[in-house]
Amino acid sequence: PQRSFEVKEEKAFRLSHYGFRSVTLQGAYPADATLKLWFPPDLYSPHRTHAELLLHMAYGAGLSPGSVINIAINGKFRHAIALNSPQGAAFDDYKVELPLTSFAPGLNTITFTSRPIPIERKEACEPDYLGNLLVSIFDDSTIEIPDVNHYTSLPDLGQFAHTGFPFNNLAYGKELGLYVAERSALTTASALALIAKMTRNR
């Protein structure tokens with residue numbers, strides 16, 4: 001089925017709805033896992049309003065204190081999950097609240113950075129065991145965006161340059177049309193350049 005980055009309000013959706021796939025992050029410095037979401041440019045985010053993320057996740061046993069999953073939105077740190085159970089742990093719905101004010105109009109990226117620390121060995125010459133440095137995040141985790149108001153101040157050239165709003169209010173420029181008044185090469189090239197800028201995800 002077709003996936004969409006566009007957030008849906010008032011209902012929890014699985015991360016798989018937004019194109020996320022289950023992933024196991026292995027090792028001390030694995031690549032990040034990312035979730036991309038498109039927020040309407042006119043979505044008003046009052047203070048103390050949060051998106052609720054319920055993570056289905058698990059991590060390995062025998063990690064040292066200080067092991068953590070860091071969660072960032074658009075490159076800015078927002079939340080930490082301590083991996084502090086010596087026996088490891090699994091959660092069906094680990095709750096994380098993300099302030100709506102952390103999200104920008106248009107495309108946003110939530111980044112999950114796993115930083116498990118191997119347990120300290122008693123003998124200096126004993127090699128570290130890294131096979132337990134495991135963090136899994138599953139795509140049946142959910143995120144819910146609350147129902148909020150939609151309004152913004154216009155004109156806003158910055159908003160237009162970033163998202164194409166108010167002419168483009170959907171990801172990828174869906175339902176966007178542009179009337180080209182003449183057939184000259186210069187006008188056509190200008191129209192195509194404008195469409196490209198208005199429909200690209202950032």
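1. Let's start with S136, which sits in strand β9. (Helices, H or I, of at least four residues and strands, E, of at least two are DSSP runs, numbered from the N terminus.) S136 is buried, at a relative accessible area of 12%. Here buried means under 20% relative accessible area, exposed means over 50%, and partly exposed is in between, with a 1.4 Å probe and protein chains only. The side chain of S136 makes a polar contact of 2.7 Å with the side chain of T24. (A polar contact is a pair of N or O atoms within 3.5 Å; within protein, one must be able to donate a hydrogen and the other to accept it, and residues adjacent in sequence count only if both atoms are side-chain atoms.) If you skip residues up to four places away in sequence, S136 touches V23, T24, H56, M57 and A58; contact means heavy atoms within 4.5 Å.

2. Before going on, a word on what you're looking at. This is a predicted model, where local features need pLDDT of at least 70 and side-chain atom pairs count only at pLDDT 80 or more, while totals for chains, interfaces and linings use all residues. Residues are numbered from 1 along each chain as its sequence is written, and side-chain values use heavy atoms, with hydrogens and water left out.

3. Now the overall layout. The protein chain has 2 helices and 10 strands, and from the N terminus on the order is β-β-β-β-β-β-β-β-β-β-α-α. Of its 202 residues, 38% are buried. Take the contacts between residues at least 6 apart in sequence: 78% of them join residues at least 24 apart. The accessible surface comes to about 11,700 Å², and carbon and sulfur atoms account for 54% of that. (These areas come from the Shrake-Rupley method with a 1.4 Å probe; for residues, only the protein chains shown count as cover.)

4. Next, have a look at the open sheet. Its 4 strands come in the order β3-β8-β5-β6, with antiparallel pairing. The edges are β3 (33–39) and β6 (76–82), each of which pairs on one side only. From one strand to the next, the twist averages 20°. (Two strands pair if DSSP finds at least two bridges between them; axes are lines fitted to C-alpha atoms, for helices over the stretch in contact, and angles run from 0 to 180 degrees between N-to-C directions.)

5. β5 deserves a paragraph of its own. This strand, residues 68–73, pairs with β6 in the antiparallel sense over 6 bridges, and β5 also pairs with β8 in the antiparallel sense over 6 bridges. In β6, A72 has F77 as its bridge partner, while I73 has K76. I73 also stands opposite I110 in β8. β5 and β6 make a hairpin with 2 residues between them, and N74 in the turn has a positive phi of about 55°. Why is β5 largely enclosed by the rest of the structure? Because 5 of its 6 residues are buried.

6. I110 turns up again in the largest nonpolar core. That core has 35 residues, and I110, F112 and I143 touch the most other members. (A nonpolar core is a set of buried Ala, Val, Leu, Ile, Met, Phe, Trp, Tyr and Cys residues joined through side-chain atoms within 4.5 Å.) Two or more residues come from each of β3, β4, β5, β7, β8 and β9 (134–137), with β4 giving the most, 5 residues. Leaving aside neighbours within four places in sequence, the contacts of I143 include F13, L37, L53 and I110. In soluble globular proteins, nonpolar side chains tend to be buried together.

7. S64 is in the loop between β4 (50–59) and β5, and its side chain reaches the backbone oxygen of P118 at 2.7 Å. Apart from neighbours within four places in sequence, S64 is in contact with L83, I117, P118, I119 and E120. T101 lies in the loop between β7 (89–99) and β8 (106–115). Not counting residues up to four places away in sequence, T101 touches S45, P46 and H47. The C-alpha atoms of T101 and P46 are 7.0 Å apart, with 55 residues separating the two along the chain.
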